[in-house]
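Visitor: I'm new to reading protein structures. Could you walk me through one?

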Amino acid sequence: MKSIRYRGEPSTNLTGWLFVGAAVLLCATFCLYPIISSFLLSFQTGRGNQIRFNGLGNIRRLFQDAVFHQALKNTFVYFIFQVPVMIVLALSIASVLNSPKLRFNGLFRTAIFLPCVTSLVAYSVLFRSMFSLEGLVNHTLLRLQFISAPIPWLLDPFWAKVLIIIALTWRWTGYNMMFYLSALQNIEPSIYEAARIDGAGPLSQFRLITIPMLKPIILFTSVMSTIGTLQLFDESMNITLGGPSNATLSISHYIYNVLFLFTPNFGYAATISYVIVFFVAILALIQFKISGEDNA
Amino acid sequence: MPKNSYSSSRAQSAISGSLAYIFISVVAFFSVFPFLWMIIGATNTSKDISMGKLSFGTALIDNFRSLGSVVNLGLVFRNTTIVTLVGTFCTLLVASMAGYGFEMYRSKARERTYSLMLLTMMVPFAAVMIPLFRMFAKARMLNSFAAIILPAVASIFVIFFFRQSTRTFSKELIQASRVDGLGEIQAFFLIYLPSMKSTFAAAAIIVFMSYWNNFLWPLIILQTNNKKLLTLAISSLNSSYTPDYGVIMLVIILATTPTLAIFFSMQRQFVEGMLGSVK
């Protein structure tokens, strides 16, 4: 059987390439080629440009590299704690803002979205200053007598992770909230009305209507946030400088260190980067499968 | 229905209503507070800031002076503006033409190309930056603005954004322009572009933000002070052994003001661009 016929004689075909040509060429040079090159590089090792084939040596090295394990563990901690907290928070905010009875909701929405306007570097630096040992946060908590001694946010491995989690939640909750809010606005208000008449309180409405209706978008934002966590760099670099003793080092930050802080090993850095590719591919597959099932 | 149950549900909804206000106000307060802190901080000395002083001080002029002595502000702003404006212009041109081309002139080969390009969107920048760095080193283009802009011009996300938006564009307009004797490229610039202003605005904002706030790639590529960008300047002030917080707050304000101004003047397009969707 003949394949589907697409519109157009040869001349419009040429016009089509004229329009997309620049983008295709640029993408091939600065995206497709580097992806392949980086994959090949991941089987090589050496300092600087003196590179030789190393087979699976880099992957073996990954399994013994304590710093890499630490970076992976850090990423995992962010994913387990930060992503769920943020999504629950964003969902709650969105459902409150969606209530027609709430006054000033435009004002609240703008305020809560505002953190998304900052650059990652700027807000990271801001958080570093607020959470210094004698800084604003400790100062306030001591004043209110919530704590008796300042919390070593930047000096203690546990609290440093908490700080990164707080910072990420501040920066991204409003962003995710916007996705939920626009999805909520597509739900018929009459569904909520019917539930109210049946005696469902706000909490059971949230659990029984909001969450199931928003399932696809919740999945989408979870996957996007997890991918974001895997690619974390600016925060790790500017809030905690990866410290203390690598307790907040992200995978991308470690790649940067392997490339530029020590003697550059392009091959090994490429191998680490493919670990991120591997996880992102799995996540995308999960997203694809589940959203496919929903549509079926 | 018994009367008391009705009034108790009224009371319940009043309580949940006020809880909603308390909750949303607390969240809004914490969202906005760091902005106030940054403005207050810019008027205080570094010592006062690190002690958590919460009132306006008198050190604003001094902070400006010390900022001027550690950072060549004019140069850094000029560099950042050049990269952002040139980059935004190139990206919008290339990506809008591609999004339009993929949607309006369909062929099997182009659909395959498009799918492949979408697939590369999944690959994180960390995996691409190593070969990119070596490529620009080989071409002797390290420390150049071209090296910052070129890899970002064919942004797949923006191409995707334009293709999605083009679906809502009425193709009859282009057919009518053909009847009127307009060429294909002319039709793009004279018919499509003016009728998609909102899409272009949303895309321009998101692209502007990505260049203005870019950090990792410039950090790798740019090596000398005369090419320094704002994010790099902030980061290096921050990682010095004795960071001057007053100066840092001031430079953060300067870096954030343009994006804040764009946000407040074009909120709808801003959010559309960020969410990557036009309804």
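Predicted model: local features only at pLDDT ≥ 70, side-chain atom pairs only at ≥ 80, totals over all residues.

Visitor: Where in chain B is confidence lowest, and where is it highest?

Guide: Helix α1(B) is lowest, at a mean of 80, while helix α4 (residues 73–104) of chain B is highest, at 95. Watch residues 1–6 of chain B too: pLDDT stays under 50 there, and the model has 1 contact beyond four places in sequence for that stretch.

Visitor: Okay, on to the fold. How many helices and strands does chain B have?

Guide: Chain B has 15 helices and 0 strands. Its radius of gyration is 25 Å, well over the 19 Å that the globule rule gives for 279 residues, so chain B is more spread out than a compact globule. You can check that against the C-alpha trace, which spans about 80 × 65 × 35 Å along its principal axes.

Visitor: Which domains does the assignment give for chain B?

Guide: Domain 1 covers 3–62 and domain 2 covers 72–275. Their C-alpha centres lie 34 Å apart. Where the two domains touch, 10 residues of domain 1 of chain B are in contact with 7 residues of domain 2 of chain B. On the domain 1 side, α1(B) gives the most, with 4 residues. By class, that side has 5 nonpolar, 5 polar and no charged residues.

Visitor: What about the inside?

Guide: In soluble globular proteins, nonpolar side chains tend to be buried together. In this model, the largest nonpolar core has 153 residues, and those touching the most other members are Ala23(A), Tyr180(A), Ile234(B), Val251(B) and Ile252(B). Helix α7 (residues 157–184) of chain A gives this core its largest share, 14 residues. Domain 1 and domain 2 of chain B each contribute at least three residues.

Visitor: Which residues is Val251(B) in contact with, leaving aside its neighbours within four places in sequence?

Guide: Leu67(B), Val71(B), Ala233(B), Ile234(B) and Leu237(B).

Visitor: Is helix α13 of chain B mostly covered or mostly open?

Guide: Mostly covered: in α13 (residues 230–238) of chain B, 8 of the 9 residues are buried. Among them are Leu230(B), Ala233(B), Ile234(B) and Leu237(B), along with Thr231(B) and Asn238(B). The buried residues of α13(B) pack against helices of both chains: α5 (120–130) and α11 (234–238) of chain A, plus α3 (60–70), α4, α12 (216–221) and α14 (245–265) of chain B.

Visitor: How much of chain B is buried overall?

Guide: Buried residues make up 42% of the 279 residues in chain B.

Conventions
Residues numbered from 1 in each chain as written. Chains lettered and ligands numbered in written order. Domains from an automatic or database assignment. Helix = DSSP H or I, 4+ residues; strand = E, 2+ residues; numbered from the N terminus. Nonpolar A, V, L, I, M, F, W, Y, C, P; charged D, E, K, R; others polar. Rg over C-alpha atoms; globule rule 2.2 N^0.38 Å. Buried ≥ 20, exposed ≤ 12 C-beta atoms within 10 Å, placed from the backbone. pLDDT = per-residue confidence, 0-100. Core = buried A, V, L, I, M, F, W, Y, C linked by C-beta atoms within 7 Å.
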